[in-house]
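Work through the exercises below with the sequence and the 3D structure open beside you. Try each task before reading its solution.

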Amino acid sequence: MSTLSSHPPIVGSPTAPSVWAGLWPNEAATQAFAAELSAALQNWPGGRDARIELRGNLGAGKTTLVRHLLRAAGVTGRIKSPTYAVVEPHQAGTGTSEDDSAWPVWHFDFYRFNDPQEWEDAGFRDIFAGPGLKLMEWPDKVAGQLPPPDWVIALDAIDEDQRRVHISAGTERGQQWLQTWAHTHPGAEYAS
């Protein structure tokens, strides 16, 4: 056995960030983030089938982020909050060309759920087993029922305009996307 193969490497490859952190000073920054995320999801392998949890207190900007994301993805017409309906289905993309093929998006708001079993009773397992982007507000209300999220986007309202955002990955592909995001957004803060 050579000396080289008997010793562990001294220098390892840098670890990827486990959290991306940023600050949105206003709604225009939220809109810009949503547009960039929409484009990324359409280009990342499996991105159109991502599961993204949105976390934050009431008024943190979860639904605002979703509205901007859906508009950037090509959703037309009225975009309602699913607070009372629990889920609102959408069709992203125009479907007019191969580059802009239509794809389903499901926006969930579990705020009114009182029992995680309601998720199962509502038949959402089939939606999650099928194709499409799943955006979930208040996922803690259905704890233990949801599949692991690719990303968790946590929003914290600093004041009326500013939002602190943290993105963490919950799956291997989500971690790959987070690495890509971190490399293309060097102005943000990173934490491991």
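## Exercise 1: A residue in helix H3

Task: Find which residues Arg71 touches, not counting residues up to four places away in sequence, and decide whether Arg71 is buried, partly exposed or exposed.

Solution. The model used here is predicted.

Step 1. Not counting residues up to four places away in sequence, Arg71 touches Thr76, Gly77, Arg78 and Ile79.

Step 2. Arg71 is found in helix H3. This helix covers residues 62-72.

Step 3. The relative accessibility of Arg71 is 43%. Buried means under 20% and exposed means over 50%, so Arg71 counts as partly exposed.

Step 4. Arg71 and Ala34 are 37 residues apart in sequence, and their C-alpha atoms are 8.8 Å apart in space.

Step 5. Other residues of H3 are buried, namely Lys62, Thr63, Leu65, Val66, His68, Leu69 and Leu70. An α-helix has 3.6 residues a turn, so residues three or four places apart point the same way.

Step 6. After H3 comes Gly74, which has a positive phi near 100 degrees.

## Exercise 2: The overall pattern

Task: State how many helices and strands the protein chain has, and give their order along the sequence.

Solution.

Step 1. The protein chain has six helices and eight strands.

Step 2. Read along the sequence, their pattern is α-β-α-β-α-β-β-α-α-β-β-β-α-β.

Step 3. The protein chain has 192 residues, and buried residues make up 42% of them.

Step 4. Take the contacts between residues at least 6 apart in sequence: 66% of these join residues at least 24 apart.

## Exercise 3: Strand S2 and its partners

Task: Name the strands that are joined to S2 by bridges, and say whether each runs parallel or antiparallel to S2.

Solution.

Step 1. Strand S2 (residues 51-55) is joined to strand S6 (residues 151-157) by four bridges, and the two run parallel. Within this pairing, Glu53 stands opposite Val152, and Arg55 has Ala154 as its bridge partner.

Step 2. S2 is also joined to strand S5 (residues 133-137) by four bridges, again parallel. Here Ile52 has Leu135 as its bridge partner.

Step 3. Four of the five residues of S2 are buried, so this strand is largely enclosed by the rest of the structure.

Step 4. Now follow S6 to its other pairing. Seven bridges join S6 to strand S7 (residues 163-169), and these two run antiparallel. S6 and S7 form a hairpin, with five residues between them.

Step 5. Look at the loop between S5 and S6, where Trp138 has its place. Trp138 has a positive phi, near 55 degrees, although it is a residue other than glycine. Its relative accessibility is 15%, so Trp138 counts as buried.

## Exercise 4: The nonpolar cores

Task: Which residues touch the most other members of the largest nonpolar core, and which helix gives the most to this core?

Solution.

Step 1. The largest nonpolar core has 33 residues, and Trp151 and Ile153 touch the most other members.

Step 2. Helix H2 (residues 27-43) gives the most to this core, with six residues.

Step 3. A second, separate core has 13 residues, including Val87, Ile127, Val142 and Leu146.

Step 4. Return to Trp151. Beyond its neighbours within four places in sequence, its contacts include Leu37, Trp44, Ile52, Ile167, Trp177 and Trp181. Trp151 stands opposite Ala169 in S7.

Step 5. As a general rule, nonpolar side chains in soluble globular proteins tend to be buried together.

## Exercise 5: Phe128

Task: Decide whether Phe128 is buried or exposed, and list its contacts, leaving aside neighbours within four places in sequence.

Solution.

Step 1. Phe128 lies in helix H5 (residues 124-129).

Step 2. At 10% relative accessibility, Phe128 counts as buried.

Step 3. Its contacts, leaving aside those neighbours, are Arg51, Phe108, Trp119, Lys134, Met136, Leu146 and Pro147.

Step 4. Phe128 and Leu146 are 18 residues apart in sequence, with 8.2 Å between their C-alpha atoms.

## Exercise 6: The largest pocket

Task: Give the volume of the largest pocket and sort its lining by class.

Solution.

Step 1. The volume of the largest pocket is about 180 Å³.

Step 2. Its lining residues include Trp24, Glu27, Thr64, Leu155, Asp161 and Arg163.

Step 3. By class, the lining has three nonpolar, four polar and four charged residues.

Terms used:
Residues numbered from 1 in each chain as written. Predicted model: local features only at pLDDT ≥ 70, side-chain atom pairs only at ≥ 80, totals over all residues. Heavy atoms only, no water. Core = buried A, V, L, I, M, F, W, Y, C linked by side-chain atoms within 4.5 Å. Buried < 20%, exposed > 50% of the residue type's maximum accessible area, 1.4 Å probe, protein only. Contact = heavy atoms within 4.5 Å. 1 Å grid on protein atoms, 1.4 Å probe; cavity = no way out; pocket = protein on both sides within 12 Å on 5 of 7 lines; lining within 4 Å. Points joined across faces, edges and corners; volume = space filled by probe spheres on them. Nonpolar A, V, L, I, M, F, W, Y, C, P; charged D, E, K, R; others polar. Pairing = 2+ DSSP bridges.
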